[in-house]
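Here is a friendly walk through one protein model and its ligand. Please keep the sequence and the 3D view open as you read.

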Amino acid sequence: MSATIIDGRAMAARVRAQVALDVASFVAQTGRTPGLATVLVGDDAASAVYVGGKQKACAEVGIRGFDHRLPADVSLETVLALIDELNADQQVSGVLCQLPVPDHLDGAGITNRVDVRKDVDGLTIASAGRLALGLDGFVGATPAGVMLLLAEADVPLAGAEAVVIGRSNLFGKPMAQLLLRAHATVTICHSRTGDLAAACRRADILIAAVGVPGLVRGDWVKPGATVIDVGVTRVDGGLAGDVDFAAAVQIAAAITPVPGGVGPMTIACLLRNTLTAAKMHA
Ligand code: NAP
């Protein structure tokens, strides 16, 4: 048996097309254009590529982009002053600071400075708290994108055993909260988990977000499981996920590839969050 491949590119294209339509009608109704401000500190090449991709995607759906770049040795006060300025700017619907920031800066403090109404990355303490309490609020684009992929693939969540490998604030924790909210039984694994293979073998839904290529072996996958590979690591031949895809595809019922699975959904959901923020402000 070979698993169904969950096509994140196709799903993301549909989300983006819908956002473009919704942006056009929002502009027609309100006379306002949604805006996304990105803040990039330093000259990390990968981060610059991610920010460039986000800005380009904004332009494609009619969202105005505000692309702020600061030198690597910038002071924390200067970054926070910029965030304050963006929080107050009526043209800016959403604000995100690309992580990681250089070591001398407090990344969590910077992301937490974003106005909760503009927190399109869902990284403020208020947004994380609202998610944990089951209240409405912004949810990070990657976990939100995974939920859309699971829905698209018709994966039953209520009562399912879900295992999330990775407990980052950016992905693992919000992902676990979303699955819990959808009534899955959720296990969060991490680098200190005693028997990772055994935990994975219980999973009806297995989500890996680690950044170690091939960590999840084929024989860790429960037959018929849905496997979502969030990991992205640059290797010689391109990008590698956390799952041994060639082996897992023989055992799972459905699986996301890398590239072309979760990655494209992240930008699509960021655009969606930005439009939601603009609607809230209007
Ligand atoms: P992170 O903050 O580095 O977190 C990695 C997590 O993996 C940590 O919780 C860590 O455990 C755990 N871990 C590390 N080694 C492990 C091991 N051998 N066994 C089990 N768990 C292990 O990373 P992140 O920001 O969540 O991102 C994770 C991966 O997803 C990266 O490859 C990243 O590039 C990718 N990602 C992709 C997208 C996308 O749009 N496609 C978006 C976000 C992230 P400890 O907590 O114990 O250290």
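Predicted model: local features only at pLDDT ≥ 70, side-chain atom pairs only at ≥ 80, totals over all residues.

Residues are numbered from 1 along each chain as its sequence is written, and side-chain values use heavy atoms, with hydrogens and water left out.

**The ligand site**

| Residue and atom | Ligand atom | Distance |
|---|---|---|
| R167, polar side-chain atom | oxygen | 2.7 Å |
| S168, polar side-chain atom | oxygen | 2.5 Å |
| H190, backbone N or O atom | nitrogen | 3.5 Å |

Taken alone, the ligand exposes 920 Å², and the protein buries 68% of that. These areas come from the Shrake-Rupley method with a 1.4 Å probe.

**Helix α6**

Helices (H or I, at least four residues) and strands (E, at least two) are DSSP runs, numbered from the N terminus. Helix α6 has 12 residues, 141–152, and at 1.5 Å a residue it should span 16 Å, which agrees with the 16 Å between its end C-alpha atoms. The expected span is 1.5 Å times one less than the number of residues.

How much of α6 is buried? Because 10 of its 12 residues are buried, α6 is largely enclosed by the rest of the structure. Buried means under 20% relative accessible area (1.4 Å probe, protein chains only). The buried residues of α6 pack against α1, α7, β7, β8 and α10. After α6 comes D154, with a positive phi near 60 degrees.

**Two buried residues**

T111 sits in helix α4 and counts as buried at 7% relative accessibility. Its side chain reaches the backbone oxygen of A108 at 3.1 Å.

S127 belongs to helix α5 and is buried, with a relative accessible area of 2%. The side chains of S127 and D119 are joined by a polar contact of 2.5 Å; within protein, one atom of such a pair must be able to donate a hydrogen and the other to accept it, and residues adjacent in sequence count only if both atoms are side-chain atoms.

Terms used: Buried < 20%, exposed > 50% of the residue type's maximum accessible area, 1.4 Å probe, protein only. Contact = heavy atoms within 4.5 Å.
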